[in-house]
Number of protein chains: 2
Amino acid sequence: MSERGAGKTTIADVARHAGVSTATAGRVLGGYGYSSDAIRERVKESAAALGYRPNLLARSLITGRTRTIGVVAGDVQSPFYASVLRGISDVARLQGIGVVVTNSDERLEREIEAVQLLLEKQVDGLIVAPCDVLGSSHLRRTIESGCPVVQIDRIVKGLDADSVTVDNRSVSRECVADLLRLGHRRIGILAELERWEGGDVDRFMDRVEAGTVEAESLFPSWQRLLGYADAHRAAGVPVDRRLIARVGIYSAGAASAAAARLLSGPDRPTALFPADGLMAAAAMDAITALGLDVPDDLSLICFDDLDWMSFLKPGISAVAQPLTALGETAATLILDRIADGRERPEHRSLNATVAHRGSVAPAR
Amino acid sequence: MSERGAGKTTIADVARHAGVSTATAGRVLGGYGYSSDAIRERVKESAAALGYRPNLLARSLITGRTRTIGVVAGDVQSPFYASVLRGISDVARLQGIGVVVTNSDERLEREIEAVQLLLEKQVDGLIVAPCDVLGSSHLRRTIESGCPVVQIDRIVKGLDADSVTVDNRSVSRECVADLLRLGHRRIGILAELERWEGGDVDRFMDRVEAGTVEAESLFPSWQRLLGYADAHRAAGVPVDRRLIARVGIYSAGAASAAAARLLSGPDRPTALFPADGLMAAAAMDAITALGLDVPDDLSLICFDDLDWMSFLKPGISAVAQPLTALGETAATLILDRIADGRERPEHRSLNATVAHRGSVAPAR
C-alpha cells in the first residue's frame, strides 16, 4: 500500500484499495452519477490513504479549461513587474488558478513567441503588457480564437480587450503643477521616450500644443510627458523644449548622461521630474556627481517610489504606482472574463499617489 | 476558412481543409505512422493556414508530461526572488517549458498549499525555496510520487533532492576577514535570525565555538553569522556577542530599531555587516538618523548589492549574489532531472562576489 516509487496513484489503484470497480471509483472521484454513501465514504478514504490526486489534465480535456492563466511581463526582475506579478498570483492562488509567467523584454517578436507558448499550454486567459500599442495582430487573433486578454500598463489601439492602467497623465500633471505653484519656471523632465508612431518629441509637442495628440494608446512615459505639458498649459507657462531630456535607449548609462547634460548647462532647471525609477536613479547620480543640493539647488519629484527614496536625507518625493493592485485587478478581470463572456471591454484606470518628502522647495 | 469566432482549430478542420481523412491529418500532425511527402506537405500547409495549434493537453495525457515546471518562491516581489525567477524563466523559455509561479511568503502551510496546487497542475518538476529545513514531508512525498524537486537558497536536512545555494558562509567570512585585517575589533552584524532548531543565538554561538554546529541545513542568515564567526576565529579575535544584533521578525521597523540600538550604544562597533538587503536599508536609516559618517565613523559592508548602494557617496561595498545564475542553474537541474532520473542528488554552490566601493576604511 506504499506509494513509494509507484508513480502517480490512479483511479484503478483507489478502486482496488476500496474494493470497488474502477467505474464506481471514477464516479465518486469525478463527482457524477450515483453511488451510495457508504461506497462514497470508502472510496474517499482510499483516495486519501493512497494520496490520490485528481487528474486535472483529463478533466481539462473535458471542460476545455486548464485553470491556468498566462502572463507576458516585460521583465519579472524589474520592481514594476515583480509587484504586478505578486498581485496577479495572490488573486489566482485564492481561486486555485495557476499563473504561467513569461518575459517579453519589451520586444515584439519575443512577446509573439511568449503568447504562442502560452496558447500551446492552453491557458484560459492572458495578461499582457503589450510591446506594440499599434499593430498587435497576434493579440487580436488570440482573442478571436477564444482566449481572452487583459492588457496592463498600456492599451493597444482598437484592441477589443480589457485593460488596467495607471493614471500616468493626471498624476504627472499634479506633480508638475505643484512645482509650478511653488514658483518653478524651469522644470526639467527626464524620460525614456523611445517609441511614438507620430515621430519625435518635437512633433509630439507640436501636436500637444495643437491639441491633436491621441492620448489613449500612448506608452506611460509619453503619458507622463503629456501630464507635464498639461500642467504648464494650465499655468500659462510655455514649455521650454530643451528641458525635455529624452533618453532614447532604456539604459542606466544613457539616462545618467542625459541627466548630467540637462543639469550641467548654464541655464539649468530649478526642478526636475524623472519619469520612472531608472531615470530617478540617473538623476541622483548626476546630482551627486555635480554636488547639487536637494532641494536648495534643485527640487526633485520622481515617478515610482523606490525604497532608497525614503532613507536618503532629505527623502525624495515620489509617485507611488498601485502595482500589486494593478496585478490584482488584472487577475480579477481575466478570471471574470473567463467565467462569462461579457460583451464590452472594461478599461480600469488606477490612481497613483504622491508621497511628499523633503526634496521639493519653493523656487528661489 | 476564417478562424474568426470559430474557437480552436481542430485536427478535423485541418483534415477537411487539406482534403484528407482525420486519421491521416492526425498522423502527420502527431508525427507518427506513415504518410507520403505530398500529403504531409498539404496537411502542414493547411495547419498553418488555419492557425492550428497542437493540443498539448491531449499530448500530455499520452506522454505524462505537461512541459511545465512549478516554482515556489518566498515572494516574487522581492528583488531576490524576482531575479531568481528571471533566471528560471530564461532557461525554460529556450526549451518551450512553461513556468508556473507561486509564493509561500516563507510560511510552511502556504508552501504546502502551493506544492499541492502545482502537483494538481501536473507540473513535471518543482523548484522550491523550502520554508522548513527540518521536516518537509510534503517535499519528500512529492519526490516519491515521481515529481522531482530542486531546492534553492537552503537545503532541507536529508531530503533526496538537488539543490542550488550561494556560498553564504565563505563570502561572509571573506568580508569580515577584510574588516579584521583593517584593524577593526568591534564588528557588528545585523541579521534576521529567526529560526534555528537548536535554540537562540547564544546557544548557536556556544555550538559554533565548540565546533558542533551542523552547517548544512542552516538558513542563509545563520550561514552568514557562521562566516562572521569563522573570520573571528581565524584572526584569533573573540566575538563580543553584544555585537550580534538579532532581528527576530522580518520587518523594516524591527530592523531599523535593532540597528539604532546597536549603533547608539557607548561602545558601538567601528564596522557593520548587515546580512541582507532589508538589514542594509535599516542600517542606512540608523546611520543617517544618528549622523554617522561612512566610512570615518563606521565602515560598512552589506550582504546583497542593491541599486542605491552604487549611487550613494561614498558607494557602499556589498556582496552580490549570482541570482539569475541561481535561477538558471535550478532550471537546468530540474529539466535534466525530468529528462533522466539521475541517481544521486546534486548540490551546487554558487560563488557570490564582493563589490568594493568606498564604505570601508581602516579602523582608527
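**Figure 1. Packing of helix 6 of chain A.** The buried residues of helix 6 of chain A contact strand 1 (68-73), strand 2 (98-103), strand 3 (125-128) and helix 7 (137-144) of chain A, together with helix 5 (79-94) of chain B. Among these buried residues are A:Arg110, A:Glu111 and A:Leu118. Buried means under 20% relative accessible area, exposed over 50%, and partly exposed in between (1.4 Å probe, protein chains only); contact means heavy atoms within 4.5 Å. Helices (H or I, at least four residues) and strands (E, at least two) are DSSP runs, numbered from the N terminus. The model is predicted: local features need pLDDT of at least 70, side-chain atom pairs count only at pLDDT 80 or more, and totals for chains, interfaces and linings use all residues. Residues are numbered from 1 along each chain as its sequence is written, chains are lettered from A and ligands numbered from 1 in the order in which they are written, and side-chain values use heavy atoms, with hydrogens and water left out.

**Figure 2. A salt bridge between chains.** A:Arg86 forms a salt bridge with B:Asp75, with the closest N and O atoms 3.0 Å apart. The pair runs from helix 5 (residues 79-94) of chain A to the loop between strand 1 (68-73) and helix 5 of chain B. A salt bridge is a side-chain nitrogen of Lys or Arg within 4 Å of a carboxyl oxygen of Asp or Glu. A:Arg86 is buried at 7% relative accessible area, and B:Asp75 is partly exposed at 23%.

**Figure 3. Surroundings of A:Met284.** A:Met284 lies in helix 12 (residues 277-290) of chain A and is buried, at 10% relative accessibility. Not counting residues up to four places away in sequence, A:Met284 touches A:Leu300, A:Trp308, A:Leu312, A:Ile316 and B:Phe311.
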